[in-house]
Amino acid sequence: MPDLVIVESPAKAKTIQKYLGTGYEVIASMGHIRDLPKSKLGVDTDNDFEPQYIDMKGKEDVIKNLKKYAKKCDKIYLATDPDREGEAISWHIAQLLKLDMNENNRIAFNEITKSGVKNGINNPHKIDIDLVNAQQARRILDRIVGYKLSPFLWKKVKRGLSAGRVQSVAVSLVVDRENEIKKFVSKEYWSIDAKFTAPSSRKVFGASLVSVDGKKLELANEAEAKVFLERLKGAEYIIKNVKKRVTKKQPSPPFITSTMQQEASRKLGFSAKRTMKAAQELYEGVDIEGVGAVGLITYMRTDSLRISDEARAAASEYIEMKYGKDYLPAEPRIFKTKKNAQDAHEAIRPSMPEMTPDRIKSSVTNDQYKLYKLIWERFIASQMANALLDTVSVDIEADNCLFRASGYSVKFDGFTVLYVESSDTEEESKKMLPPLEAGNVVKLKSIDGNQHFTQPPARYTEASLIKALEENGIGRPSTYAPTITTITSRLYVEHEGKQLKPTSLGEVTTELMREHFKNIVDAKFTAKMENDLDEVEQGEKDWVKSLHEFYDDFAATLSKAEDAMEGKRVKVPDEETDIVCELCGRNMVVKFSRFGKFLACPGFPECKNTKKIVQETKGSCPICGKKVIQKKSKKGRSFYGCEGYPDCNFMTWNVPVEEKCPTCGSSLFQKGGKSGKLICEKPDCGFEKELK
């Protein structure tokens, strides 16, 4: 009989079956098969947190199938994902099939390629019980917080609310940032900016006043700026010195889970959930024309920057062939993994670096292609030579006032020929300067005082929130995407464009949690718990002891909070709008339901008027001319349609913009993000314009 290999998904099973051949039968468990019961806590807190696992509803046929195949096979291998959760799934399957826990029946694939699968099947090992216990501890912690704390929130705030260890901290971060913005007082300041003409080339360049009489310049208002503008009238501007140097710019390391999610958000506009879905598909295997089913990337839940020697050699071979030896670093580039990272896997990279994005484009979905291209380019660039920049800093003096201009030119493009990392903040790019020498007199073309105002901190985006969670040691690679999905679907946080804004529900809940359960929303406390779980995984701490350390204090805190809040209830304030109820004339307010936000009359129950919240756009329908409004699909993805639906059924995924079509005058729509194009969707028009 063939040996049995059990994985989670059919796609993964198909790819692995291809490499193992007829001597093996590969089947899927369809994810978890056992879990804690949904109807009750399912954890015996009086008996060392004994979990009460049950077979999951809806998995009866899967379980029956697993048992049927297990009876036929002499050897069974458990090949679930190589992380805590995957180890726990293997352990549950082993319990179900009554496998010997001392047998080497666990195999792991960092990449689902021919060599990756063969290496895994040839190196079986025992189920790592420390890894299983770390996952059990996490699951039980989350169950205790959810099932003990959520009812408290139902009674004191609103039914249907949920609480969670990581999600509560994530919401508190968003709330704290919003409070910073509300408290921020903008201050006025001024700058003095000049434009000069170079003596030899006659080219114009800019410089700003940085110091006066040897002291740093700080201008609070227009009057102070005018003093120096007056002082500089008729002054001679002489170049005091020119500093030139060559600076090196290093490539970013290959992706880990958090940086992949951040960069996919910035460059592609993907949510963390969308990124991980595409990454899972790329890892499990895709049918590539001329190749067959193959896993295109290594395992996508990792915080290690390690790269195998084989992958590094393959990247170097490609770089030399494509760009030449000059684009290879003098020594192989090795990135240092942070201290608390789990180094079980490599960084996220293409499993076969020679498989270029163009090679696979026709065989994959649009999301898969975009993400693979990002991962491939980031990895190849990480193994390329530094970029070299000629930087120039020029000091110009007039009446003991010092102006400074800076710029750069690219001496050698290095890795930037392929890839440059994005940033959460808009960085002002330096411009190239004309040839300038010390002692030159430059001619003043213009000089102005410019008003500015200090800006509040930016709201979090998905990318910057993931970065904050990672920097604070909150959560692990597998938790970032589900955490953000949870806090938005539970309406604690909402998207405003790309930014994350707390709802009134999120603010009230965080305030209540902070008052009575400060540890749950404390970043340092949550980070310590994550470190405790890491110690359990490494066999350095007992998982039951770790649970006791949390629960004993938590239970006392919960009892104290229930006593303090006896007979009290917290009201979530309504957000008033300027939309008038046509039935009674009151201003309608925003309400929340499990289906999302809606408008309701505050006069309820006397007036029961409700409305959908309509988000208008800047565009007009190319069919009938009515307004185009933003809508949400069942999966939460934004699309755009005519407000006249169902009389007019115009719909598009492309974003309407203010600009009009020069051919027909209809609204234009942006397709493909920042690097895409503007198109006219009026039938038979066909106008398109590439975005620069």
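Is Lys-445 buried or exposed? Lys-445 counts as exposed, because its relative accessibility is 54%. Exposed means over 50% relative accessible area, buried under 20%, and partly exposed in between (1.4 Å probe, protein chains only).

The model is predicted: local features need pLDDT of at least 70, side-chain atom pairs count only at pLDDT 80 or more, and totals for chains, interfaces and linings use all residues. Residues are numbered from 1 along each chain as its sequence is written, and side-chain values use heavy atoms, with hydrogens and water left out.

Lys-445 sits in strand S16 (residues 441–453). Strands (E, at least two residues) and helices (H or I, at least four) are DSSP runs, numbered from the N terminus.

Now to the charge pairs. Side chains of opposite charge can pair when their charged atoms come close. A salt bridge here is a side-chain nitrogen of Lys or Arg within 4 Å of a carboxyl oxygen of Asp or Glu. The count comes to 42 salt bridges. One of them links the side chains of Arg-138 and Glu-530, at 2.6 Å from N to O. Arg-138 belongs to helix H5 (residues 129–156) and Glu-530 to helix H16 (residues 523–537), so this pair ties together parts 392 residues apart in sequence. Arg-138 is buried, at 8% relative accessible area. Glu-530 is buried too, at 0%.

Asp-395 and Arg-404 form another salt bridge, with their closest N and O atoms 2.7 Å apart. Asp-395 is buried at 6%, whereas Arg-404 is partly exposed at 39%. In the salt bridge of Asp-532 with Lys-541, the closest N and O atoms are 3.4 Å apart. Both residues, Asp-532 and Lys-541, are buried. Shared partners also join Glu-8, Lys-12, Asp-81 and Arg-301 into one salt-bridge network.

Four strands form an open, antiparallel sheet in the order S23-S24-S25-S26. Strands S23 (615–620) and S26 (651–652) stand at the edges with a single partner each, so one side of each has no neighbour in the sheet. Strands pair if DSSP finds at least two bridges between them. Strand S25 (residues 638–642) and S26 run antiparallel, joined by two bridges. Gly-641 has Met-651 in S26 as its bridge partner.
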